[in-house]
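Here's a walk through a two-part model, written for someone who likes cut-offs spelled out. Have a look at the picture first, then read on.

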Amino acid sequence: MATPTLAEVINRSQHHGLIAWITSQQIFWVFLAAVFACLALSMLTDSFATERNLFNVTRNFAFVGIVALGMTAVIASGGIDLSVGSTLVISAMTVSVIMSAGMPFWVGCIAALAVSLLVGAVNGVLIAYARMPPFVVTLGMLSVARSLAMVLSDNKMIYEFGPDHEFLLWLGGGSTLGLPHPLIIMVILACLTAFAFRQLRWGQHLFAIGGNENAAVLTGIPVARIKVSVYMFSALMAGITGVLEVGWLGGVTTNLGQAMELTVIAAAVIGGANLAGGGGTAFGAVVGALLIEVIRNSLILLGISTFWQGTFVGLFIVIAVAFDRFRQRKS
Amino acid sequence: MNVLELKNISKRYGAIQALDNVSLAIAPGEVVGLMGDNGAGKSTLVKVIAGNFAPTSGDILISEQKVEFHKPLDAQKAGIEVVYQDLAICNNLSAASNVFLGREPTRKIGPIKVVDYAFMRSKSAELFARLKSETRPRDLVHKMSGGQRQAVAIARTLLSDAKIVLMDEPTAAISVRQVAEVLNLIRQLSDHGIAVVLISHRMPDVFEVADKVVVLRRGELVADKKASQSSPEEITGLITGAIEHA
């Protein structure tokens, strides 16, 4: 009689129900906070729920959201990528310089993404094979990549994009079925990222490395190769955002994406990415980015000085981490 | 037939003789308690068996076949599994994911290979049932007891059809009740014909499960006795050197 009870115990699920499971997720509360903020703003201001403003919010949040997808992968693997803002600008500059020289869009786009991947590969190799701390490597890259973007463009603004000028502006600034293109692309990338995290061995290994790198090494996971791929993934997301953002702005200067890393890290962390490694979801990154953008937008609409934005982003990171610590102590 | 045989194994680091002519034979399903003071050569011996490094001289035989390990993977392929002291477990993953860590099964959806979670869960449930451990495959390891965590680490060795499992101080840092659980797991492995080498400082644990006790002192094998014919007092004497040889 002992065996069936053992089998029963083994096959019993840990979760007691859907509602208990949902409310135990940090992301659920963050999502609720974002929805609540939207509702409050719609009532408090006349300008929030206008089509024009919502269009702007969704597009702005899409840029942060796409980069946060890559950042979530890096943070979940136990690292950090401070160079995303600089990767974004070097990608934007590459596509701009090539297109303004009269080349078609696809050449510029492929070159921009290739440059981004190269930036990520350099980060990854230094971190995984030379075993340097991610903080130091990507901080160095933050400076190097932006400086190279200045060299590339001679620090001039570029606003003429050759024969495919209209296409670039349509890609970054246009919309289909009322949805801004960056938002559509973000949703597609978020779905692909979620799939990769959950369903591919790559995702399993990435989270294993973040959870216990030593265990990952001992069980034969190719830790160094996975780490390089994670930093390349993060750089690719930043690179895609760079191309889209040029199209949206219709011009590019070398201060694009400055201090963006902090907003992106905040979005990832608010969305449940664990800075100690091993935790994070694609959906979380998107919802984290949404909450930050809604708050940022509300500060503007409520007439609060934009100087306060940094305070809010900084506080968000600290509060999200404090919240996580508190939960860990409780369990 | 012996599943593992060591013949005159010596290991030397410069002037230090870490292992000196150690010979040992282990039968299938046998539980061997490997004891000795710190620096007696236990870890070195385990690392030689696990393929972390080659002996300076001597032979290793697996099922009567001479083998040479150049890296841990060679030993793993020959059926030698190690349960590390920290268990090499990821707290953020489920028990099933941990059992299959680094060897996740996949199935194909079109051209894409996806992780086969259903198979991972059912197979780990089967392994936990074999170990008679109440461990649920879907649960996150971070919420588990020390005994359940051991079960996860040991289930991993069953997955690969191990012949010998080396366990480094599995009972060092857990509660009394959990120690009993771990010792039970060791008995389960033995019942499945898997030999276990248990490295431990804890005399009661060794005498509870071991068929035979092996003592190392300064790199020399000073005792290789049936546990039933020895006593904790004798072993203590052998470890410290109060008794020269058994």
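Two residues are in contact if their C-beta atoms, placed from the backbone, lie within 7 Å. With that in hand, A:P134 touches A:G79, A:I80 and A:I127, leaving aside residues up to four places away in sequence.

Some bookkeeping before going further. This is a predicted model, where local features need pLDDT of at least 70 and side-chain atom pairs count only at pLDDT 80 or more, while totals for chains, interfaces and linings use all residues. Residues are numbered from 1 along each chain as its sequence is written, and chains are lettered from A and ligands numbered from 1 in the order in which they are written.

Helices (H or I, at least four residues) and strands (E, at least two) are DSSP runs, numbered from the N terminus. A:P134 and A:I80 are 54 residues apart along the chain, yet their C-alpha atoms are separated by 5.9 Å.

Is A:P134 buried or exposed? A residue is buried if 20 or more other C-beta atoms lie within 10 Å of its own, exposed if 12 or fewer, and partly exposed in between, with C-beta atoms placed from the backbone. A:P134 has 23 C-beta neighbours inside 10 Å, so it counts as buried.

A:T58 sits in helix 4 (residues 51–76) of chain A. It counts as partly exposed because it has 18 C-beta neighbours inside 10 Å. Leaving out residues up to four places away in sequence, A:T58 touches A:P180 and A:L183. A:T58 and A:G280 are 222 residues apart in sequence, and C-alpha to C-alpha they are 22 Å apart in space.

**Helix 13 of chain A and its partners**

Helix 13 (residues 260–270) of chain A is worth a stop. It is mostly covered, with ten of its eleven residues buried; among them are A:E261 and A:V269. Just after helix 13 of chain A comes A:G272, with a positive phi of about 105°.

Two packed helices are described by the angle between their axes and the distance between the axes. Here axes are lines fitted to C-alpha atoms, for helices over the stretch in contact, and angles run from 0 to 180 degrees between N-to-C directions. The table puts two pairs side by side.

| Helix pair | Angle | Axis distance |
|---|---|---|
| Helix 13 and helix 14 (residues 282–301) of chain A | roughly 120° | within 7 Å |
| Helix 4 and helix 13 of chain A | about 70° | 8 Å |

Angles under 35 degrees count as roughly parallel, over 145 as roughly antiparallel, 65 to 115 as roughly perpendicular and the rest as oblique. With axes crossing at roughly 120°, helix 13 of chain A is therefore oblique to helix 14 of chain A. At about 70°, helix 4 of chain A is therefore roughly perpendicular to helix 13 of chain A.

On the helix 14 side, the contact is made by A:T263, A:A266, A:A267, A:A268 and A:I270 of helix 13 of chain A with A:A285, A:G288, A:A289, A:L291 and A:I292 of helix 14 of chain A. For classes, Ala, Val, Leu, Ile, Met, Phe, Trp, Tyr, Cys and Pro count as nonpolar, Asp, Glu, Lys and Arg as charged, and the others, Gly among them, as polar. That gives the contact of helix 13 with helix 14 of chain A eight nonpolar, two polar and no charged residues.

For the other pair, helix 4 of chain A contributes residues including A:V64, A:V67 and A:M71, and helix 13 of chain A contributes A:M260 and A:I265, among others. The contact of helix 4 with helix 13 of chain A has ten nonpolar, two polar and no charged residues.

**Positive phi away from glycine**

A:A259 is not a glycine but has a positive phi of about 65°. It lies in the loop between helix 12 (223–249) and helix 13 of chain A, and it counts as exposed because it has 10 C-beta neighbours inside 10 Å. In chain B, B:E64 has a phi near 70°, again positive in a residue other than glycine. B:E64 is in the loop between strand 4 (57–62) and strand 5 (65–67) of chain B.

**Where the chains meet**

How many residues of chain B are in contact with chain A? There are 24, in contact with 25 residues of chain A. Helix 4 (117–130) and strand 8 (112–115) of chain B each supply at least two residues of that side of chain B.
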